Each structure stands twice: as structure tokens, then as C-alpha cells.
Amino acid sequence: MNESILELKETKLRTFLIQIKRSFVITKKDLKIYYNKPPVLIQGIIFPIILFIALTVGRNVQSIYLISGLMAMTAFLTSTSIAPIVFPWETMRKTFERLITCPISIKTILLGSVWSTFIYGIIFSLIPLIFGMLFLSPQLSINLLIIIIGMMVAGLAFACFSLILSVPSTDTPGNTMIFTILIKFPLIFLSPIFMPINLTPIAFISPLTYFVDIVNIGLGDISAFGIFGVLFDIGILLAFGFGFLLLAFALHGKTLERRFRG
Amino acid sequence: MEAIIVNNLSKHFGLVNHGIKNRKREKNQQETTIKAVDDITFEVEEGEIFGFLGPNGAGKTTTIRMMTGVLKPTTGDIKIFGVDAWQNQIAVKQVMGNVPEMANVYVSFSGWQNLMFVGEIYGVSKKERIKKAEDLLKKFDLYEKRNLKAKKYSKGMNQRLLLCMALMSNPEILFLDEPTSGLDVQSAKIIKQLIREYNTQGMTIFLTTHDMEVANELCDRIAIINHGKIISLDTPINIRKITQDYQAIDLYFTDGVKPQEIKNLQSIREVQEIQEGLHIIVENIHDSICEITDYVKSHNIKIKHLSTHQPKLEEAFLKIIERGIKNE
């Protein structure tokens, strides 16, 4: 038996750590290539601006809900913008087959996309936070630590959610965009953004609800989920993220082959 | 030692893969299942250049995709250096280099960035990556253009860059799907030359090609595949022998030759008239030349020019495919 294969076979823990490391290489690639692609810019930057205007102009929104709503919407839209286009884009450009024959698993590629879309989301979510701190801080008592933790956890959950959106085995990024809009927009409208959290059953199914609650707490409001609200929100978001990730691993495993037929 | 062992490998596309069970759909399963690869078995020796030939849709790319872990075999198994390729994908891919037929480089990256990316994915250290990339780019005549974005590369340059990417990790096996297809003469020449060079250094190479000349020039053995089945597996010389009865002589006379008389000679199989001469298909070159010489002497005819043709691999390929179709 070839010695190099034997060596790699016997060290499963090492293989796991190597795969994590290689997922960061995928992240670097995704960020360098996709940060300025039109579908990413439209979904990650243009849509939050348009929705912000549409949902706030002419309404008397309290500054606390203005910031939490804008942060939640920006985090959600930017943190779900890169991953869904990576797969159709790479299938279309014929780079995906080359990538899949490298010594990385589909899970590594998916994790790489999670990190890249997470970083992209965090960067853009900081903009409304900085805006809030600069212009509305006198009106608010800001707990930056809670907000930052919330951003990290929610960013990860949203990024994992975005992997589900990239499951359809199309080689046309436009098709994925339509599909993602059909899923993402109703989810935004179901969530209590730009308003106090109203605990209707429908609001519970949206991960945005829990992020909005964390930001509201971080901006001095009380949690909609009681005294341990922050911990509850973080726990739910982590559960969402983990669930989305496992589901994405399973679904992508099933649809992967369809990208190479014909 | 065998670098690759393929045992009873099949790949079926269609409803059968989705596990649909009701009776009505089961009937449809048979109708919609395509056997892209149908129970093939072969071995590739370490250090060998093994060629896979076949017409479009024969199953070449599906086979190579199963061997490189892109597609899961429906049945059968593939062993790379004795290790199951599907069960140990990461470990096996680590010792492989691959240039898929339809692959592309990252066009937003420069040639250099493409190589750095692949090197990092394979876990090559930064120092080694830089050295290896410089060596490869110089070897493949791309060094001067290393900082140019790949979208500005020609098809030939792209293919050379893909080959550089496949070689970044010093693979022990190289998979090449149509490596010279549609390339300019210079790029094809560089690629063929370097395939030979890397093979001389001990690298096992598995390639698919439509180009008989490439297979003839490079391969130690060739498998011919059609409709998902291997219909011939041998050395290029032995495959050409299949068409010994396709040897031919081109003859140009001064005048006065009657084609029918030539055709009546014992060793002549067929005579076709060409401009100012005859294209004669023979069974045995020696006997035919002797007979033709006797004929021209006895008829006082002068030969202006005579040339013999050995059977080409292309003719053998077509004949084998034709025979395979008839047998089906």
C-alpha cells in the first residue's frame, strides 16, 4: 500500500484538523472572488437599503427598534448573500469539478462558505451599529459586548441558513437569487423588525426574532423572553445554526452529483 | 504494483438512484435509467501511461469522475494504491492530480494566485508553494504571464495552467480528461512533452483522449470504451494489429494499368482509383508488391511512385467500435 495514503488514513483527527484549516483557504478564495459579484452586492447591500427605506419612511419608529431592525436585516441579508451564489457560479464557470477533486470534502467547502459569508455579514452589520453609536447613543444605553456576541452567533446561524439556499443544483446564479428572495423576504416580514417584539407563534420560527431581541437588550430594552432572554436567544440561534448546518451537509451530499451530470 | 484497480464498475443515472419504490415508477425506472458505465474492470500499473479512448458519450468522463471521487459508483469499486477510493476520498485525492475535461481556472485570479490557492488546499507549505509554482510556470512557459488575470489567458494557456495546478502537490497519479483537445500546436506539444517527462520520473498517468496520435505517442496501453463497456484493452501496437488487413499501397504508373486486372491479383483485397494512381488495400504487403512487380514487368508498365501505409490506430479504433456495435 502506498505509504502516503496509509499515513493519511491512519490519522483521522489530523485529517479533521487539516479539513478545518483548508476550509479557511476556501473562505479566502470566496471572499476574494465573490465580494463584488452583482448578486452579492444586490442581496447584501442594495436590498437592506431598499427594505430599510420601505419599512421605516413615514412610520414613527423608535430609535432603538430602528437600529435593531436595521442591524438584523443587514446581518441577515449580507450573511446569506455569498454562499448561495458560490455553488451555481462555480458550476457555471466550470471550477467546481476541479475543486471537488482536491483533497477536501463537500463539508469543507460548505464550512469555507459559512466563514466567508459570516465575515461578510459581520462587516456590513457593523455599519448600522456604528451609525447608531454615532448618532443615537445619547438616547440609548449601549451594551456593546452583548451586541457583538449576538452579531457573531446570529451571523453564524444566518450563514448556515444560507447553505440551505444553495442546495438546488442549478448552474445559473439568477435561479438561486429568485429562490433565495422567495425564502428570505417572507422571513423578514414575519420577523418583528422596526417594532417591539410581539410573541406571535409565527415570530418564533424566524431566527431574526432572537437576534432582534439580543440587539434590543444590548440597546437598553428588556428581553421579550424574560430574565434569561440573552442566554435563551443565543441558545436558540446556536441550535438554529447547528440544525441548518447538519441539514445543509445532508442535502448537499444528495444534490452534489446532479451538478456533474451531462 | 497496480496504481489503479477498477473492479466491475458501473454508473447508472436516472430514477434508480433516488430509491423510488412504487410499482408504476419501478416500470419507469428501467426506461429512464442510463448505464453510463457498465461493469468495467481493468488495472493500471504504477508508472504506466494508460489511455481511455472512445466516442462521445462512451463513458470516459463518467469513469474518470468516479475515479477522482466526483461521482459515486453505482456498483463496483476502485482501488488507488490498494485503498478504496470512495471510502478514503481525502487520502486518495491527496496523491492525485486532476485536469477535468470541462474544468476552468479561477478567471478572477492571476495564474500565480491560482497556483497558490491549489497549493494551499493541498497543504503545500508556503516556501514549497512558491518554489513549485515558479518551477512549473517556467516549465509550462507561463512565467512571464504569471501576474496576468487568467481571464486574459488563451485556451492553451488555461490548459497549461490547469496542468500546473494539478502538479502543484507532486501527485503520484495524474488524471487527464482530454488534455490536448482543441489546443494550439505549441500548447499541445508542451503538454505531451511534459506528460512524458513526468511519467519518466515515475508518475502514473491516466488519460482520456479522442486524438489517436496522442494515444499512440503517449500511452503504454489503451482501453477502448463504447456504450459504457470496454471493448478492447491492449498496447497501441497490438491494437493496430487488429487491422493488419487494412494495410494499403499507393501506386502511380506511367500509363496503361487496368484497375480490374490489379484487383484480380491474388493478394489484393480492394482497389480504389485515386488521382493518377491506385489506392490498393492488401492482405500482405510483401506478397502484394511481388505480384504487382510481376504484373508491371509482364505488361511493360513503369512505376512512377509506390508507397505503403501501415494501419493507423484511428482505423483500428473505428473498426473495433464498428465490431462492438455489430455484436450488440
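User: At what angle do helix H8 (residues 144–165) and helix H11 (residues 207–218) of chain A pack?

Analyst: Happy to start there: this is a predicted model, in which local features need pLDDT of at least 70 and side-chain atom pairs pLDDT 80 or more, while totals for chains, interfaces and linings use all residues. Residues are numbered from 1 along each chain as its sequence is written, with chains lettered from A and ligands numbered from 1 in written order. Helices (DSSP H or I, at least four residues) and strands (E, at least two) are numbered from the N terminus, and axes are fitted to C-alpha atoms, for helices over the stretch in contact, with angles from 0 to 180 degrees between N-to-C directions. The axes of H8(A) and H11(A) lie 9 Å apart, and their angle is about 170°.

User: How many nonpolar residues does the contact of H8(A) with H11(A) hold?

Analyst: Residues in contact have backbone-placed C-beta atoms within 7 Å; among them are A:Phe158 of H8(A) and A:Phe211 of H11(A). Nonpolar covers Ala, Val, Leu, Ile, Met, Phe, Trp, Tyr, Cys and Pro, charged covers Asp, Glu, Lys and Arg, and polar the others, Gly among them. The contact has no charged residues and two polar ones, and the nonpolar count is 11.

User: Which helix gives the most to the side of chain B that touches chain A?

Analyst: The contact takes 26 residues from chain A and 32 from chain B. On the chain B side, 17 are nonpolar, 10 polar and five charged. Helices H3 (89–94) and H4 (111–121) of chain B each supply at least two residues, and the one that gives the most, with six residues, is H3(B).

User: Which strands are at the edges of the open four-stranded sheet in chain B?

Analyst: Strands pair when DSSP finds at least two bridges between them, and here the antiparallel order is S12-S13-S11-S14. S12(B) and S13(B) share six bridges, while helix H11 (residues 285–298) of chain B packs on the sheet. The strands that pair on one side only are S12(B) and S14(B).

How values were computed: Contact = placed C-beta atoms within 7 Å.
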